[in-house]
Amino acid sequence: MEHLIELDKKHFIHPTSSIQQQQSDGAKVVMESGDGIYLTDKNGNVFIDAMSSLWNVNVGHGREELAEAAAEQLKKLAFSSSFSTFSNEPAIRLAEKIASLAPAGLNAVFFTSGGSESNDSAIKLVRHYWKIQGKQERRKIIALKRGYHGVAAASTSVTGIPEFWGMAGHMLTDFTHADTHYENGTDKAIASLQETIEREGPETIAAFLAEPIQGAGGVLFPPEGYLKKVRELCDEYGILFIADEVITGFGRTGKMFGMEHYGVTPDLMTFAKGVTSGYIPLGGVIVSDQVHDVLKEKSMGTLFHGFTYSGHPTAAAVGLKNIEIIEREGLVENSRRMGEELLNGFRKIKKELNIVGDVRTIGLLGAVELVEDPDTNKRFAADMKVAPKVIEALHERGVICRAVTYESTDIICFSPPLVINNKEVADMTDKLHDAILSVQNELG
Ligand code: PLP
């Protein structure tokens, strides 16, 4: 083990991590295997994967069927190009399957290898859409503060968490952010969006891009009527609506896609993560018939946008099998039911402890906010690091979870595999109770 950790320090630059901490402390956990909602490290410690790792292992760990689907495809045709007029059957069938699951009117899919590539692709596609209609001035993208959309050039810029822009200098131009709906409510958030549109000039705006439910921003649900009003504003100003379903897609929220909860159909939807439950990298953009028709009619010559792995046959074969499992095992419905169980567990904890503010779930996407005073929602000082301490206490109790502490919030996020059962939910929430209690006692 020590040798592995030394090699890790020397050769492996971890994503979204502190390089200094890695060098001083070394990797804390080296994972070895997974089964259902559980992960086991190389020392034999077993953890509940309460985040489905990175919100993505929807069907749970250790699915032999997915390994077999990959192996079968790897043996037959591991890879072939989808550029130009080449195609392959798994990619065609997966595109058809995704179109059948997506909201009515979204029927064509551009494949990528992940969420960031999907958002960059959606942004380039909408700019292209306007350009081929002679409206090249429509380039700007409006997104929301606290939104997270990835780390490629455009997806970093569209992300509404400034720390991500600072890492390598500035964000790209032509990206701007309206106020999040979090703690603002529908009217204020819509007013901010409208003000942003007016300030930037409606005729310069290509699209509005947002998650149906902000994930990495802290599992923030849109207030009543918000997304409907966004759709109305987009229509009024002729702006396209891109929904980032990278977390919320494929059953996470108790429906196949997050937007279904709000009765709003976007023009484009980006997806990744749950499409393969993380067993192999895959993502994409689903476009509406209206957008597709314009592309079919007016996009002349080569569309100069395509990744080597767009339409990767092996990734597509895993995606197809993964969706088959989600449907066969009723995991969307399980997500809805277990999400209610999880909320009951959260509510019980809130009743019993003194530092729990808002608790919420939508399917198996949930959050517990920690506050100094639940009556007034007064937050703890950031330097008290309350949420990180709870994450640490959860880790000691064998639960891997994530805290969002951006802008002095203390939000514990939950996104367990959709296969979780009653007993496992109870075990996870018991451990959460103990972890929060230990931190509450420490605070005095
Ligand atoms: N969009 C959302 C909503 C995400 O949560 C993420 C990743 O967490 C991304 C996009 C970026 O996806 P990826 O990390 O696969 O590039």
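# Close-up views of a predicted model

**View 1. The shell of residues around the ligand.** The residues of the shell around the ligand divide into 6 nonpolar, 7 polar and 2 charged, and, as in every view that follows, they belong to a predicted model. In total 15 residues surround the ligand, and the closest of them are Gly114, Gly115, Ser116, Gly150 and Val246. Helix α6, which spans residues 115-131, provides the largest share of this shell, namely 3 residues.

**View 2. The packing of helix α5 against helix α12.** Helix α5 (residues 89-101) and helix α12 (residues 313-328) pack with their axes 8 Å apart and at an angle of about 40°. Because angles under 35 degrees count as roughly parallel, while those from 65 to 115 count as roughly perpendicular, this angle makes α5 oblique to α12. The crossing in which α5 passes α12 is left-handed. On the side of α5, the contact is made by Pro90, Ala91, Arg93, Leu94 and Lys97, which meet Pro313, Ala316, Ala317, Gly319, Leu320 and Ile323 in α12. Sorted by kind, the residues of this contact comprise 8 nonpolar, 1 polar and 2 charged.

**View 3. The open sheet of 4 strands.** The strands of this open sheet follow the order β1-β2-β3-β13, and their pairing is mixed. Its edge strands are β1 (31-35) and β13 (399-400), each of which pairs on one side only.

**View 4. The hairpin of β1 and β2.** Strands β1 and β2 run antiparallel and are joined by 4 bridges. The hairpin has 2 residues between its strands, and in it Gly36 takes a positive phi near 60°.

View 5. Tyr38 stands opposite Ile48 in β3, whereas Leu39 has Phe47 of β3 as its bridge partner. In this hairpin 4 residues lie between the strands, and Gly44 in the turn has a positive phi of about 90°.

**View 6. The open sheet of 7 strands.** This open sheet, again with mixed pairing, has the strand order β4-β10-β9-β8-β7-β5-β6. Strands β4 (106-112) and β6 (175-178) form its edges, and each of these pairs on one side only. From one strand to the next, the twist averages 25°.

**View 7. Strands β7 and β8 with the helices that lie on the sheet.** Strand β7 (residues 205-210) and strand β8 (residues 240-244) run parallel, with 4 bridges joining them. Along this pair of strands, Ala210 stands opposite Ala243 in β8. Helix α10 (residues 226-237) lies across both β7 and β8, and its direction runs at about 145° to β8. Helix α11 (residues 289-298) also packs on the sheet, where it touches β4, β9 (268-271) and β10 (283-288), and the direction of α11 makes about 90° with that of β10.

Definitions and conventions
Residues numbered from 1 in each chain as written. Predicted model: local features only at pLDDT ≥ 70, side-chain atom pairs only at ≥ 80, totals over all residues. Near = placed C-beta within 6 Å. Nonpolar A, V, L, I, M, F, W, Y, C, P; charged D, E, K, R; others polar. Axes fitted to C-alpha atoms, helices over the stretch in contact; angles between N-to-C directions. Parallel < 35°, antiparallel > 145°, perpendicular 65-115°, else oblique. Left-handed = near helix turned anticlockwise from the far one by under 90°. Contact = placed C-beta atoms within 7 Å. Pairing = 2+ DSSP bridges.
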